[in-house]
Each structure stands twice: as C-alpha cells, then as structure tokens.
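Subject: Structure handover

Hello,

The structure we spoke about is below. Notes on what was found in it follow.

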Amino acid sequence: MAYRKLGVDNKHRRSMLATLTKQVIMNGSITTTETRAKEVRKAVDKMITYGKKGDLGSRRRALAFLHNDKAVVNKIFNELAPLYANRNGGYTQIFKLGERRGDGALLAIIKLVDEETKEEAK
C-alpha cells in the first residue's frame, strides 16, 4: 500500500495518524493540512470498516492502531458502525480551505459524512 511520508519518520507518522484518526472519530471533524487529511481518510475508513465487521479480531486491530483507546473503539463499534451499516465506504469528506497564513500550507477540513442528513434528503 502506498502512503505519504509526511516529512517524518515511520513511528512519528503512525502515531500522528492514530491521533488524528482518534480526533476525527471523537469530534466528527478536524482542520489539518490537505495531505494529512488525505492520509487520515484512509485510516478512518479502515477503522469504520473494522467496526462494521464487528468481530473480535477487528476490534483488536482497531485497538492496536488507536493506541488501546477503548473509548474511541467503543464509539466506532457501537455508534458509527450501525450508522454506516448501509454505506460501502466513503465515510469521510474533505473540504479545502486555502492556504495557511505564515507558511502557506494548504488547509482542509476532514469530517465524517452525516448519514442522517442524507437519508432525510431522500
């Protein structure tokens, strides 16, 4: 699987992605750079897919990636997985914001798709 290095070593990158993934799951959305948002999207989608499987192995894989944060894993398996039960991927959206003042990095908001709003619109 190809991934972006994000300018840091492997341990830092995995830790950063786990932390950003936890923040997206707990808060619903975060603001970060565009490249980080694109990488976090992959991790969040994978965690929600684990939640939809619902077996013990998936729960353990999610715990291992998310640094044994049981509150986040419980939210994935008990709240988010049933919410996205009828959806096959694409659990997040990325909205581009423009450049950050100071260093000119491209910013983006990554947020979970609001499934309830989509069903009400239909």
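Strand β2 (residues 92–99) and strand β3 (residues 106–112) pair in the antiparallel sense, over seven bridges. Two strands count as paired if DSSP finds at least two bridges between them. Helices (H or I, at least four residues) and strands (E, at least two) are DSSP runs, numbered from the N terminus. I94 stands opposite I110 in β3. The two strands form a hairpin with six residues between them, and G102 in the turn has a positive phi of about 110 degrees.

This is a predicted model: local features need pLDDT of at least 70, side-chain atom pairs count only at pLDDT 80 or more, and totals for chains, interfaces and linings use all residues. Residues are numbered from 1 along each chain as its sequence is written, and side-chain values use heavy atoms, with hydrogens and water left out.

Helix α4 (residues 70–83) has a kink of about 35 degrees centred on I76; the bend is the angle between axes fitted to the seven residues ending at a residue and the seven starting there. Buried residues (under 20% relative accessible area, 1.4 Å probe, protein chains only) of α4 include V72, I76, F77 and L80. The buried residues of α4 pack against α1 (10–27), α2 (34–53), α3 (56–65) and β3, where contact means heavy atoms within 4.5 Å.

In α1, the buried residues include M16, L17, L20 and V24. Those buried residues pack against β1 (29–33), α2, α3, α4 and β3. After α1 comes G28, with a positive phi near 90 degrees.

Regards

Notes:
The expected span of a helix is 1.5 Å times one less than its number of residues. Buried means under 20% relative accessible area, exposed over 50%, partly exposed in between (1.4 Å probe, protein chains only).
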